[in-house]
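Thank you all for coming; I would like to walk you through one structure this morning, taking it slowly and a piece at a time.

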Amino acid sequence: MSKLRTHYDNLKVARDAPPEVIRAAYRSLSQKYHPDRNPNDADAARIMAIINGSYEVLSDPAKRREHDLWIRTNEKPPTAASPSAPDVRRQPEPRSHAPPRNNDHSSRLRRVRNVLLLGLLGLGIWLWNAGGRGQPPAGPKPYEAQPPAVPTTSVRYVRPPTAPNGSPWPTAAGYVSSYQKLHVNGLSTVTVDNNRNDSDVFVKLVALDGPTAYPVRQFFIPANQQFTVNKVRAGNYDIRYRDLSTGELSRSEPFKIEEIREANGISYSNFTMTLYKVQNGNMQTYGLAESEF
């Protein structure tokens, strides 16, 4: 059976790879084949589309389970037993009960008879084989020369005309309307600097202290601008954002916002994160699945 080409092969990871390994592999490959690094390279664009499709499947637990089931179904070994070869046995020659004759004429007749019997036996064996009983057994399943193509769910990204909640994008850096603002009783600030990019971004400040992570501020930053979130409460957070030109999702390392009471007042955090197209900013960033944004 031909080896299946799977989404794991496309991302060059093992089939039991954990989500963080899959994200790291996708991040590495997407940097190598991204259109910004390979302008006018049709082959790189084709590979990037394959990588995006494979990551979309493997980063979604439900789609990954369906893909694993597809692999197991198509790699299942044949169970049908091969038919055994027929038991072809040579029939014994009939014995003559005629009294022996010693003359030459009788001997010649016996030799002619034996030759005829041997010829008839050979003809019978040939007819047996010609009927298909002596041919190699057929394969256990119908055979196709071309292996099945790996199913893909890749969809070309189109920039959304509005925010996910249906609100229009702001005309300048600022909060997206209709999203609730949480953790507003603090003194600290968080600044996201998008001055190094020529793409607009949709950004979420995500709280990490509870049993689940959740966004506390959601805002829009045009290309070559920045935005500061004020009155942020102390706690652990990360930044998650979508590049609105490519649809790519990223997540920062976790960081801590602190407020410390001192003799002469309260010291608080003024945190700044700079966004870059490649991973050489002031914080490490990671790929992100749709389910985590």
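This is a predicted model: local features need pLDDT of at least 70, side-chain atom pairs count only at pLDDT 80 or more; totals for chains, interfaces and linings use all residues.

**Helix packing and one buried serine**

Helix α3, which covers residues 42-58, and helix α4, which covers residues 61-74, have axes that come within 6 Å and cross at roughly 100 degrees. Angles of 65 to 115 degrees count as roughly perpendicular, and α3 and α4 are therefore roughly perpendicular to each other. If you want to find the contact on the screen, look for E56, V57 and L58 on the α3 side, and for K63, R64 and H67 on the α4 side. Sorted by class, this contact of α3 with α4 consists of three charged residues, two nonpolar ones and one polar one.

Now let us turn to the other partner of this helix that I want to discuss. Helix α2, residues 19-33, packs with α3 at an angle of about 165 degrees, and their axes are 10 Å apart. Because of that angle, α2 is roughly antiparallel to α3. The crossing in which α2 passes α3 is left-handed. From α2 the contact is made by I22, R23, Y26, L29, S30 and Y33, while α3 contributes A44, I47, M48, I51, N52, Y55 and L58. What classes do the residues of the contact of α2 with α3 divide into? Ten of them are nonpolar, two are polar and one is charged.

Is S188 buried or exposed? Its relative accessibility is 0%, and buried means under 20%, so S188 counts as buried. Leaving aside residues up to four places away in sequence, S188 touches V229, N230, K231, V232, I257, E258, E259, Y268 and S269. R233 lies 45 residues from S188 along the chain, yet the C-alpha atoms of the two are separated by 6.6 Å.

Finally, let us step back to the whole chain. The protein chain has five helices and twelve strands, and of its 293 residues, 33% are buried. Among the contacts in the chain with a separation of 6 or more, 68% are between residues 24 or more positions apart.

Note on methods:
Residues are numbered from 1 along each chain as its sequence is written. Side-chain values use heavy atoms; hydrogens and water are left out. Axes are lines fitted to C-alpha atoms, for helices over the stretch in contact, and angles run from 0 to 180 degrees between N-to-C directions. Helices (H or I, at least four residues) and strands (E, at least two) are DSSP runs, numbered from the N terminus. Angles under 35 degrees count as roughly parallel, over 145 as roughly antiparallel, 65 to 115 as roughly perpendicular and the rest as oblique. Contact means heavy atoms within 4.5 Å. Ala, Val, Leu, Ile, Met, Phe, Trp, Tyr, Cys and Pro count as nonpolar, Asp, Glu, Lys and Arg as charged, and the others, Gly among them, as polar. A crossing is left-handed if the near helix is turned anticlockwise from the far one by less than a right angle, and right-handed if clockwise. Buried means under 20% relative accessible area, exposed over 50%, partly exposed in between (1.4 Å probe, protein chains only).
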